[in-house]
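Me: Can you walk me through this one? I'd like to start with the cavities and then go to the chain contacts.

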Amino acid sequence: MIRIVYFPKIGVPQFNLPFTSLRSALADPEGLVWVDMVESDADEINRVLVNQFHFHPLAVEDCQSDGYQTPKLDDYGDYLFLIIQSVIGEGSFEDEPTRELNIFLGKNYLVSSSLKKITAVEIFRKRLEKDERLYQNGSDFLCHALLDRVVDDFIPHLDQLEEEIDYLEEAVLSNPDPKTLERILRLKRYTMTLRRVIAPQREVINRLCRDDFPMIDPYSRMYFRDIYDHLVRIYDLLDGIRDMTTSALEVYLNATSLRLNEVMKALTIVSTIFLPLSFVAGVYGMNFHYMPELEWRWGYPMVWLIFILIVAGMLTFFRKRRWF
Amino acid sequence: MIRIVYFPKIGVPQFNLPFTSLRSALADPEGLVWVDMVESDADEINRVLVNQFHFHPLAVEDCQSDGYQTPKLDDYGDYLFLIIQSVIGEGSFEDEPTRELNIFLGKNYLVSSSLKKITAVEIFRKRLEKDERLYQNGSDFLCHALLDRVVDDFIPHLDQLEEEIDYLEEAVLSNPDPKTLERILRLKRYTMTLRRVIAPQREVINRLCRDDFPMIDPYSRMYFRDIYDHLVRIYDLLDGIRDMTTSALEVYLNATSLRLNEVMKALTIVSTIFLPLSFVAGVYGMNFHYMPELEWRWGYPMVWLIFILIVAGMLTFFRKRRWF
Amino acid sequence: MIRIVYFPKIGVPQFNLPFTSLRSALADPEGLVWVDMVESDADEINRVLVNQFHFHPLAVEDCQSDGYQTPKLDDYGDYLFLIIQSVIGEGSFEDEPTRELNIFLGKNYLVSSSLKKITAVEIFRKRLEKDERLYQNGSDFLCHALLDRVVDDFIPHLDQLEEEIDYLEEAVLSNPDPKTLERILRLKRYTMTLRRVIAPQREVINRLCRDDFPMIDPYSRMYFRDIYDHLVRIYDLLDGIRDMTTSALEVYLNATSLRLNEVMKALTIVSTIFLPLSFVAGVYGMNFHYMPELEWRWGYPMVWLIFILIVAGMLTFFRKRRWF
Amino acid sequence: MIRIVYFPKIGVPQFNLPFTSLRSALADPEGLVWVDMVESDADEINRVLVNQFHFHPLAVEDCQSDGYQTPKLDDYGDYLFLIIQSVIGEGSFEDEPTRELNIFLGKNYLVSSSLKKITAVEIFRKRLEKDERLYQNGSDFLCHALLDRVVDDFIPHLDQLEEEIDYLEEAVLSNPDPKTLERILRLKRYTMTLRRVIAPQREVINRLCRDDFPMIDPYSRMYFRDIYDHLVRIYDLLDGIRDMTTSALEVYLNATSLRLNEVMKALTIVSTIFLPLSFVAGVYGMNFHYMPELEWRWGYPMVWLIFILIVAGMLTFFRKRRWF
Amino acid sequence: MIRIVYFPKIGVPQFNLPFTSLRSALADPEGLVWVDMVESDADEINRVLVNQFHFHPLAVEDCQSDGYQTPKLDDYGDYLFLIIQSVIGEGSFEDEPTRELNIFLGKNYLVSSSLKKITAVEIFRKRLEKDERLYQNGSDFLCHALLDRVVDDFIPHLDQLEEEIDYLEEAVLSNPDPKTLERILRLKRYTMTLRRVIAPQREVINRLCRDDFPMIDPYSRMYFRDIYDHLVRIYDLLDGIRDMTTSALEVYLNATSLRLNEVMKALTIVSTIFLPLSFVAGVYGMNFHYMPELEWRWGYPMVWLIFILIVAGMLTFFRKRRWF
């Protein structure tokens, strides 16, 4: 699907410009064109990226590749090529957390391309129809606005991660079963994956606000710097969540050994009480012919007294040692 | 709330300058103006930061954002924009340890803004009324004095952290219960959070004393260098506290397994003494018709002798192995 | 074995050029020569690398050394010397994961040399016969195509690693025996070894796309950049696999202590039920002359009632503690 | 206490120069003055550092501060200000390991100041009276000689640390009690603290031998380089000691679990021998009317035979499993 | 011991040149002199290094110091001073792994000095007599050849380390006793020490092949680069060995807890079988007057049937849980 928006210098922006008018729109150096390609097949890719824009074959290939690609920024002179990762943001914390967005930034155009629909781009599209400030400052500002949208999408997702870790921190204390362990480890791995996405993404934006590119106005750099700050903050948050998963893991492992302690104490208390009792009972179960106690009138009650003394003594001992 | 202080080159400083006189005060290039905004709503922000000072929209937005923001320094040419974190400093070691202070530093003015009251700023305000040296050296020196106050506030808070870790180091030895574990982990996480605040703050101050900004006098740089040294020291202290929490954690985990050892030893000692005793008693409880010992005159005392020998032998064995 | 391919500027490429024509082919500055040496003995090495090309003795020595050599790039002015590691890619994850490929890159020639056959080179050779684009852009592009082939070979091998770790992640939960531990540790070590191969290889390619070498066309650099991106991605994947082996190890160790917990619980439950029961039975096995219960009509059933009460009480207690 | 030494270009050095002659001594550009202030109160500090030398207020404040200060080097143009940490070097490995020494290095003077007496300075003072080479090469060489003395003091202290770790490495094997754990952790923390002192100290000296200061002769730099090498070595040694404490900790924790193993084995051996024996004895303690074995002539000896067989079988089993 | 070799530009090299001819040999700018000092006393050091060569006092002091010194490179203008560590290479993996070699490299001379005999130097000396290429390319090449010999000596020693780790990896599985633990920890520490020697040594050689020194011919730099590659490889190998010791440690600790599991299982199996059996026997050992089972004709065989059922049931349960 190819969606073209044309913002002439003066006049009303044309959403849904037909493909046939693309060439003439691009010929207007004062105007601004945004070509958004979603779920495009090889034919569309060919028509737009190769025949119309003559982008470098490697960049076009990157747009078509469906494996994970690390965020990067390639400077092809006339245009910049960016690979950006946009968060998917569902609550499962499994598999790939992000979806790839490819962006070509030229003097008077912006081309975005993704193999699957990206929520951030759709939302951006809708805001564009209402907010004219977004496209009145040239392609670099439009690009900044799109990237800002993509990066802001990470924040609510990180809130989900924080909720999960909050839940897990309680769960390891109240209910430390293997399911909890699995969730901790899954969250930890997910966080690590996300960090490996954010780190190069941060570097891409850093280059946009630091390096000197002809299609980026020095004034706009401050805006990219703002996105950069957000990414630094996101990275910090991920660091915090990773630390918390590590702590949760430590508490979990400790809870396991605390449980073992509890079980062992129960065993020890029962054994150390009943083994002596059984011994005493065993003594008076012996069949010696000459055992004076057996014939005593108060022998039997006396043994019960011994039993009670043993139990009381043991319980006192355990209490002193604070075993229960 | 907007509080304006005006220090003319010559004459008495005017605390609580009315907002209407702000413009004329700023027009005096020899004077110095400090605008302090606390808990300001959108309207006040607009009136001062936008209409009066024409600060960059992104910086104004940063002043209004209520999420955590990493300390940073943005150079907007005519003025510097700083985000600084001031410690809250209560003893709970939970949640966010700091509160954000935004500072705009211009040639002849200093604007500070915070969403909530910051103790360090209030104290600074009071000192300002007494100590004229603070405002007689220009806006850069005033800014240094304010930052110095903010950074010095961390020191007593770190003392609290050290008290906590001192307490915990004793607690893990005397009373290693899960509550102690929780406090250790909370302190560790809090320390890590604080480190992530201090590290970029240190870098902000480092740039102030290293880079060449027109509104900072070369002579004043040495003073920022002094603040930088304090932050390096604070960071070092946090490193030390983190190491100590890690050690406390190790002792805690070891205490848990030492307890298990102690319990197991008790069980083992009782079992290995009474199982043989019970066996001997069981033997003479058998009902064989031909058991000569049963009919012996001294059979029963002999068995008691055996009992005593077994107990003595076992105790000797345990002592030798140093089990108690 | 020496295999020479000669691509004249105009005309049909000559696969299997005889060694005697090598000199004249090299004299053609417009042509392109690829000399591929596999399993060459000292004599062949001498004839080609020393007598024909006069390569530096150290580089020639590196080609002959059969120990592992870290990937590197040496600039000898007229030619570049590269040591590249190509993955072997069998499923055992033991020993050396790679085989060394030595490449000399000159203005109009490419010399590759390896002590053993390398699959990637053989496949590249076959593709070369079909795809003329590979040799029509000079020696740097030919070199890029060969390196691309070598690096792409790592991808399916990494898939094998991911399959292995997926299998192991399940195995540590379902069947945590020492064999599983061994496989986890082997995979971890293998991954670490591979990382140590990829990291310098990445740097070699980075220098090819970044530095200024006379035999590499600025236009070709973008292609080396593409290989570099692949290596960055491979390194990221290895990082991910390493994290996953660490997690698997943690689950494994926890599974071991969970098993211990399970065993201890069984012991504790049986002991705490039967020790009291045996004690009661022991009491009524005593031989005191005056034990009124023994003569009661319902004494024996009453004892069974006691037995049942004890068992029921204990089971209730265990259930409450959620021990089973 | 103020101690002034004056070394004229020609003639005898004047130890204990009266304070009143300080000004004239400093006026001699060919001479060299060393002012050593120990345990000076605010008045002395004021008289010397402020009124006489006019040092920067921040540097003077640093001299008076009694908290720990990170080693640093501040360049004030006419003079350098150094904060150096000198080791105290007692054997307890608790609290602060160092004492602060402040040094001002000018063209023809050296001012040292410390809140408490520093052994290295006292020793240096005595050597100065005997060794004229120390003061014949200007203030930079004198400063080098003092720093050399301070840094060399760390070496015997590190030997103490190595002795301690050697002792602990044996103790964890022979006597792994909680006291040993505490000493290991204390040594580890102490080593970490010392590393955090040495690292910035090394950087201070590195700047002295690398940067271009007017009061340091290029020829003298090589001598500072020598001190730098010593500090690098000290840092390496501390790294080694830290690694060894970590190893000792691992052995300690393992020793704890080995002890548990030993205890459990004893329990298991006794239980698995006596539980079957008691069962057999219990069988023949039953009161069934029809139990043929009870009436056998050799029934009782036969049971003893069974007892012996059970014990022998169990012991063989344990031996085979190498349990003792 | 002073051994002097003189290689005139033309003519036969003079091994064992008398000391008296050293001055004239050095006066020949075309010739090359190698002075090798082994186990030299202060007098020899003085005669050669101080009186003849006038080396810097600090460098001479470094030659005489007998503590460990980190490898370094000092540029004294006319000559370079290197501290290099040569491996001792015995199989014990204790104490210091290396011996110090001091090298002075001048335009037409090479001075090597060591407190104890170094095997690599002795072997180099012998090769020198046979291989004239080593001294025909100037002092820098001679120095390279010596360093090459020293660095190559590490390789067989690393093979010893790999043999040790291979042995230990098997030992932790087959025989995980404390001796094995000790050997693992010793190897780990030894590897760490060696890494701390190799890292600065690598940097020394890196400077030799990267920086611009007058006594090193640009052509020779490639040879130093070759040594550098070897050191990079050695460092990589040490990293690998360290990883393997860490793995071995993990397997060892796991083996300890596996053993505990095995012991506990044995205890549990025996207890859970015999405690119920003993209870049943205890029941029929009670002395109640009215116990109908006691008088049954088949009571006793019935009890044996119960015994057998209990054992069979328990064994089935254990098998199902895969406890043996």
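Me: What classes of residue make up the lining of the second largest cavity?

Reply: Four nonpolar, no polar and six charged residues. Nonpolar here means Ala, Val, Leu, Ile, Met, Phe, Trp, Tyr, Cys and Pro; charged means Asp, Glu, Lys and Arg; the others, Gly among them, are polar. One caution: this is a predicted model, where local features need pLDDT of at least 70, side-chain atom pairs count only at pLDDT 80 or more, and totals for chains, interfaces and linings use all residues. Residues are numbered from 1 along each chain as its sequence is written, chains are lettered from A and ligands numbered from 1 in the order in which they are written, and side-chain values use heavy atoms, with hydrogens and water left out.

Me: Which residues line the second largest cavity?

Reply: From chain C, Leu58(C), Ala59(C), Asp62(C), Lys72(C), Asp74(C) and Tyr76(C). From chain E, Met222(E), Arg225(E), Asp226(E) and Asp229(E). Helix H3 (57–64) and strand E4 (72–75) of chain C, together with H8 of chain E, each give two or more of these residues. H8(E) has the largest share, four residues. Helices (H or I, at least four residues) and strands (E, at least two) are DSSP runs, numbered from the N terminus.

Me: What volume does the second largest cavity have?

Reply: About 30 Å³. A cavity is a set of points on a 1 Å grid over the protein atoms alone where a 1.4 Å probe fits but cannot get out; lining residues have an atom within 4 Å of a point. Grid points are joined across faces, edges and corners, and the volume is the space filled by probe spheres set on the points.

Me: How many cavities of 30 Å³ or more are there in the whole structure?

Reply: Two. Of the 20 residues that line the largest cavity, the closest to its centre are Ser271(A), Ser271(B), Ser271(C), Ser271(D) and Ser271(E). Helix H8 (218–283) of each of chains A, B, C, D and E supplies at least two lining residues. By class, that lining has 15 nonpolar, five polar and no charged residues.

Me: Switching to interfaces. How many residues of chain D and chain E are in contact?

Reply: 48 residues of chain D with 53 of chain E. Contact means heavy atoms within 4.5 Å. The two chains bury about 4,300 Å² between them, 65% of it on carbon and sulfur atoms. Buried area is the accessible area (1.4 Å probe) lost on being put together, summed over both parts. Phe279(D), Phe288(D) and Tyr290(D) supply 16% of the area that chain D buries against chain E, more than any other three residues.

Me: How many salt bridges across chain D and chain E?

Reply: Five. The rule wants a side-chain nitrogen of Lys or Arg within 4 Å of a carboxyl oxygen of Asp or Glu. One of them pairs Arg321(D) with Glu262(E), the closest N and O atoms being 2.9 Å apart. On the side of chain D that touches chain E, H8(D) gives the most, with 33 residues.

Me: And chain A with chain C, how much do they bury?

Reply: About 4,300 Å², 64% of it on carbon and sulfur atoms. Arg189(A), Arg196(A) and Tyr300(A) supply 16% of what chain A buries there, more than any other three residues. The rule finds five salt bridges across this interface too. Asp74(A) forms one with Arg225(C), with the closest N and O atoms 3.4 Å apart.

Me: How far apart are the nearest C-alpha atoms of chain A and chain D?

Reply: 9 Å, and the two chains do not touch. Chain C and chain D do not touch either, with nearest C-alpha atoms 9 Å apart.

Note on methods:
On a 1 Å grid over the protein atoms alone, a cavity is a set of points where a 1.4 Å probe fits but cannot get out, and a pocket is an open set with protein on both sides within 12 Å along at least five of seven lines; lining residues have an atom within 4 Å of a point.
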